[in-house]
Structure formats: C-alpha cells, structure tokens
Amino acid sequence: MLMSLLLTGVIAAALGIAQMWWEPLAWEIFIKSLITLVIVGTLISFLVAVDYDLPGSRGKIMLGLLVLLALSGGGLLIAQMWWHVLKLAVFGKTIITLTILAVLLSFIMAVSEDFGTNKKLKKEKYID
C-alpha cells in the first residue's frame with residue numbers, strides 16, 4: 001500500500017511541477033488527470049488492503065462485493081469525468097446508489113465481525 005501511495009504521489013507531484021513550469025496540458029485536462037490519479041491511487045490502496053485482509057476475513061463474498069462496488073464506482077467516476085457516459089441525473093443517482101450499497105455492506109460486515117467473533121465464548125458464558 002505504501003508503494004502505491006508513494007508512486008501516485010510522485011506522479012501527481014511531477015505532473016504538478018511540469019504543469020506549473022511548462023503547462024504541457026490544458027488546465028481542464030490537468031485537473032482531470034490529478035483527479036484520476038487520486039481515484040486510481042485510492043482504488044489500488046483499497047485493493048492492496050483487501051488482498052492483505054482477505055485470507056483472515058470471514059466474509060469473503062461480502063468483501064468481494066465491496067471490491068466490485070469500489071471498482072464500479074471508481075471506473076464510473078473516471079468514465080463520466082473524461083467521456084460523459086451518462087446523463088448527469090442518472091450518473092448522480094448511480095453514484096449515490098453505489099455509495100449507499102457500499103456503506104450498507106461495510107456496516108453489515110463490521111457488525112457481523114464484531115458480534116459474530118465471540119459467539120462460542122458467549123454461548124459458553126465466558127463473556128457477556
């Protein structure tokens with residue numbers, strides 16, 4: 001995760017310095033490029049964290065669904081920003097729907113992990 005964040009930061013910094021001194025890109029393209037780097041860097045970091053956590057996770061299917069939601073959302077954001085693939089209202093509703101589903105899935109995973117972990121100890125009355 002460290003390497004992906006460092007690499008994304010270095011690319012963004014180099015792009016920013018180049019833009020400041022020589023303006024190789026139109027400002028609109030420069031801003032879109034920086035936003036794309038942030039989205040891609042965040043997704044890569046998330047995927048690395050999931051890869052690290054996956055072997056010990058009890059909810060592999062839910063974690064896989066969360067990865068699909070994150071990749072769909074990130075891909076849709078990038079596609080909309082560069083190519084305007086959806087009408088603005090449909091895009092907004094889709095992003096909000098993906099966000100709500102991701103938050104709900106994360107909540108379910110956190111609650112099930114928290115309350116399901118010590119089920120045997122609770123059943124045997126070792127903990128309350």
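User: Which helix gives the largest share of the nonpolar patch?

Analyst: H2, with 3 residues. Ile 44 lies in this helix. Helices here are DSSP runs of H or I with at least four residues, numbered from the N terminus. This is a predicted model: local features need pLDDT of at least 70, side-chain atom pairs count only at pLDDT 80 or more, and totals for chains, interfaces and linings use all residues. Residues are numbered from 1 along each chain as its sequence is written, and side-chain values use heavy atoms, leaving out hydrogens and water.

User: What makes Met 1, Leu 5, Val 40, Ile 44 and Val 48 a patch?

Analyst: They form a nonpolar patch on the surface, with about 390 Å² of accessible area together. Patch residues have over 30% relative accessible area and no salt bridge, and nonpolar side chains (Val, Leu, Ile, Met, Phe, Trp, Tyr) are joined within 5 Å. Areas are Shrake-Rupley values with a 1.4 Å probe.

User: Why is H1 called roughly antiparallel to H2?

Analyst: H1 (residues 2–22) and H2 (residues 27–53) pack at about 175 degrees, axes 9 Å apart. Angles over 145 degrees count as roughly antiparallel, so H1 is roughly antiparallel to H2. The contact (heavy atoms within 4.5 Å) includes Leu 5, Ile 11 and Leu 15 of H1, and Phe 30, Leu 37 and Ile 44 of H2. Its residues divide into 9 nonpolar, 7 polar and no charged.

User: How do you know how H2 runs relative to H3?

Analyst: The axes of H2 and H3 (residues 60–83) come within 10 Å and cross at roughly 170 degrees. By the same rule, therefore, H2 is roughly antiparallel to H3. Among the residues that meet are Ile 39, Leu 43 and Val 50 in H2, with Leu 66, Leu 71 and Trp 82 in H3. By class, this contact has 17 nonpolar, 3 polar and 2 charged residues.

User: What makes Lys 32 and Glu 28 a salt bridge?

Analyst: Their closest N and O atoms are 3.1 Å apart. The rule asks for a Lys or Arg side-chain nitrogen within 4 Å of an Asp or Glu carboxyl oxygen, so the pair qualifies. The count is 1 salt bridge.

User: How far apart are Lys 32 and Glu 28 in helix H2?

Analyst: They are 4 residues apart, so about one helical turn separates them.

Methods: Axes fitted to C-alpha atoms, helices over the stretch in contact; angles between N-to-C directions. Helix = DSSP H or I, 4+ residues; strand = E, 2+ residues; numbered from the N terminus. Parallel < 35°, antiparallel > 145°, perpendicular 65-115°, else oblique. Nonpolar A, V, L, I, M, F, W, Y, C, P; charged D, E, K, R; others polar. Patch = residues over 30% accessible without salt bridge, like charges linked within 9 Å, V, L, I, M, F, W, Y side chains within 5 Å.
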